[in-house]
Amino acid sequence: MILPTINTRYVGQSFVYFPETDSTNDRAWAALPTSPVNGTCFAADYQTKGKGQRNNTWYSDSGQNILLSVLLYPTFLPVGRIFQLTKVAALAVLQTVQQFVPNGISCIKWPNDILLNNKKIAGILIENQFSGNTILASVFGIGINVNQKKFEVTASYSPTSLFLELNQEFDRSTILPVLFQNIEKWYDILQQNTSWLDREYLSYLLGFQEKRLFQNKSGIFEGFIIGVHSSGKLAIQIQNTVEYFDFKEVEFIL
């Protein structure tokens, strides 16, 4: 992959490319003892052990999609506010997709799946290293479906790609600068104006302040998403009470 000029201060300025690797997140962590600069990107054409949320596998055909991890050092952020990093990554990926599909309907499916026209176009896996109440390092693992034409459907919602939505092939290297700029923008905002970050995340959150069906271990229920707790738990109003659900405790019925 030939990378064009990157117009950022730090995200993507250091770029490590693998034609094939196990997982770009694993490559980022393996490089950590060498002290890579803040914003270093580890990208691959193919992953043999790509990771998704909840111990799922991220499937991607070779050379068709964006598969990368960005290493950051958010030592300024207390552990209790760690979900802010999820908001940064989700908004950055969503706005990158919007730039290339401006007429599509895009949103964030809690916590950080990116949907386009009610189909999954991107996934995010964030992993962190801690020391006490300090986040020493964070790796944003990002997969964006670009040119892939066929998928294994393993979830309750169908995957899609930029090609499937627009019937157009994309040079992946033209998408990377946009993604890096968006990551840097929202990461900077995290350090300056968290209320803006919070508002924007909720404005794109699927089902926010809408009556929706959900499912948990007790069955199907109806409720309104009223927000997201600082811990990342989803706040759902069910009749006259508000309940908080962790990542594996509730599912949307789309």
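These legends describe close-up views of a sheet and the helices around it in a predicted model.

Residues are numbered from 1 along each chain as its sequence is written. Local features need pLDDT of at least 70 and side-chain atom pairs count only at pLDDT 80 or more, while totals for chains, interfaces and linings use all residues; side-chain values use heavy atoms, without hydrogens and water.

**View 1. The seven-stranded open sheet.**
Its order is S1-S2-S3-S7-S6-S5-S4, and the pairing is mixed. Strands here are DSSP runs (E, at least two residues), numbered from the N terminus, as are helices (H or I, at least four). Two strands pair if DSSP finds at least two bridges between them. Strand S1 (15-18) and strand S4 (106-109) are the edges, each pairing on one side only. On average, neighbouring strands are turned by 20° against each other, direction ignored.

**View 2. Strands S6 and S7, side by side.**
S6 covers residues 119-131 and S7 covers residues 134-144. They run antiparallel, joined by ten bridges. Leu125 has Gly141 in S7 as its bridge partner.

**View 3. Helices H1 and H2 against the sheet.**
Helix H1 (residues 24-31) lies across S1, strand S2 (40-44), strand S3 (66-72), S6 and S7. H1 runs at about 150° to S7. Axes are lines fitted to C-alpha atoms, for helices over the stretch in contact; angles run from 0 to 180 degrees between N-to-C directions. Helix H2 (residues 83-100) packs on the sheet and touches S4, strand S5 (113-116), S6 and S7. Contact means heavy atoms within 4.5 Å. The direction of H2 makes about 150° with that of S6.

**View 4. Helix H2 crossing helix H5.**
The axes of H2 and H5 (residues 194-204) come within 10 Å and cross at roughly 60°. H2 is therefore oblique to H5 (under 35 degrees is roughly parallel, over 145 roughly antiparallel, 65 to 115 roughly perpendicular, the rest oblique). The crossing is left-handed: the near helix is turned anticlockwise from the far one by less than a right angle, whereas clockwise would be right-handed. Among the H2 residues in the contact are Phe83, Lys87 and Leu94; H5 residues include Leu197, Asp198 and Tyr201.

**View 5. Helix H2 crossing helix H4.**
The axes of H2 and H4 (residues 172-192) come within 8 Å and cross at roughly 145°. This crossing is right-handed. H2 residues here include Leu85, Val93 and Phe100; H4 residues include Ile175, Lys185 and Trp186. By class, the contact has 13 nonpolar residues, six polar and one charged. Ala, Val, Leu, Ile, Met, Phe, Trp, Tyr, Cys and Pro count as nonpolar, Asp, Glu, Lys and Arg as charged, and the others, Gly among them, as polar.
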